[in-house]
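Subject: Structure handover and what was found in it

Hello,

I am passing on the structure that we talked about, and below it you will find a description of what turned up. Please keep it open while you read, so that each part can be located as it is mentioned.

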Amino acid sequence: MKSKVSYSRFVIIFTAIVVGLLYLGCIATVDNKPKFFILLALYISLIISALIFAPFYIKADDAKITMGSIVRRQTIPMEEVESVELCPPTMGSMRILGSCGFMGYWGIYREGGIGRYYAFYGKSSDCFLVRTKKGSSYMLGCDNPGEMVDYIRSQIKR
């Protein structure tokens, strides 16, 4: 089962503003080489980070759960999955490293009831929590989280 990740309105607007401001900053500083290259390096590093880490799709089959971005895929073997449940993140989640709106929500977060987890979603209303037997937690999100949770549960109960 494969499902794409849709972004919230906030993510779309925030991403557009950041990209637009950095682009305008590069244009405005083209005559000042040091400032221009600093902004250009920031701009390029943000775009490359987003291509590598930004959520694009979630795919689950009988062997693994795949979190796919445009450039990279990360997998969780199905035999390591302990539980899965619908669980939107709360406002109390704290980002340790990653993005909190630029091209989605991705990276390492911490939340009181969950602990430390890896985030990979575009809308908080589309999230589900995957816990592994090794103690890792993943907050994933896709367009049809209920169906994805049901499918993953059917695969881990075999």
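A strand, as the word is used here, is a DSSP run of type E with at least two residues, and strands are numbered from the N terminus. In that sense Thr132 is found in strand β9. Please bear in mind throughout that this is a predicted model.

Is Thr132 buried or exposed? With a relative accessible area of 5%, Thr132 is buried, because buried means under 20%. Leaving aside residues up to four places away in sequence, Thr132 touches Ile76, Glu80, Val81, Glu82 and Tyr138.

The protein chain holds three helices and 10 strands, and from the N terminus on its elements follow the order β-α-α-β-β-β-β-β-β-β-β-β-α. Of its 158 residues, 41% count as buried, and the C-alpha atoms fill a box of roughly 65 × 30 × 25 Å along the principal axes. Among the contacts with a separation of 6 or more, 52% are made by residues 24 or more positions apart.

Next comes the sheet. Strands of a sheet pair through backbone hydrogen bonds, either parallel or antiparallel. Here six strands form an open sheet in the order β5-β9-β10-β8-β7-β6, with mixed pairing. Its edge strands are β5 (81-86) and β6 (94-101), each of which pairs on one side only, and neighbouring strands are turned by 20° against each other on average, direction ignored. Within this arrangement, β8 and β10 (residues 137-141) run parallel and are joined by three bridges, and Phe120 stands opposite Leu140 in β10.

Helix α1 (residues 9-28) lies across β6 and β7 (104-111), running at about 85° to β6, whereas helix α3 (residues 145-156) lies across β5 and β9 (127-132), at about 155° to β5. Not counting residues up to four places away in sequence, Val18 touches Leu46 and Phe102, while the C-alpha atoms of Val18 and Phe37, 19 residues apart along the chain, are separated by 17 Å.

Finally, there is the empty space. Rolling a probe the size of a water molecule over the atoms shows where empty space is left. How many cavities of 30 Å³ or more does a search of the whole structure find? The search finds one, and the largest cavity has a volume of about 40 Å³. Its lining is made up of Ile52, Phe53, Met67, Gly68, Ser69, Arg72, Arg73, Gln74, Tyr118 and Phe120, and the elements that give two or more residues to it are α2 (33-53), β3 (64-68), β4 (73-77) and β8 (115-121). By class, this lining has five nonpolar, three polar and two charged residues.

The largest pocket has a volume of about 260 Å³. Its lining residues include Ser8, Phe10, Pro89, Cys100, Tyr121 and Lys123, and by class the lining has seven nonpolar, four polar and one charged residues.

With best wishes

Technical notes. Residues numbered from 1 in each chain as written. Predicted model: local features only at pLDDT ≥ 70, side-chain atom pairs only at ≥ 80, totals over all residues. Heavy atoms only, no water. 1 Å grid on protein atoms, 1.4 Å probe; cavity = no way out; pocket = protein on both sides within 12 Å on 5 of 7 lines; lining within 4 Å. Points joined across faces, edges and corners; volume = space filled by probe spheres on them. Nonpolar A, V, L, I, M, F, W, Y, C, P; charged D, E, K, R; others polar. Helix = DSSP H or I, 4+ residues; strand = E, 2+ residues; numbered from the N terminus. Pairing = 2+ DSSP bridges. Axes fitted to C-alpha atoms, helices over the stretch in contact; angles between N-to-C directions. Contact = heavy atoms within 4.5 Å. Buried < 20%, exposed > 50% of the residue type's maximum accessible area, 1.4 Å probe, protein only.
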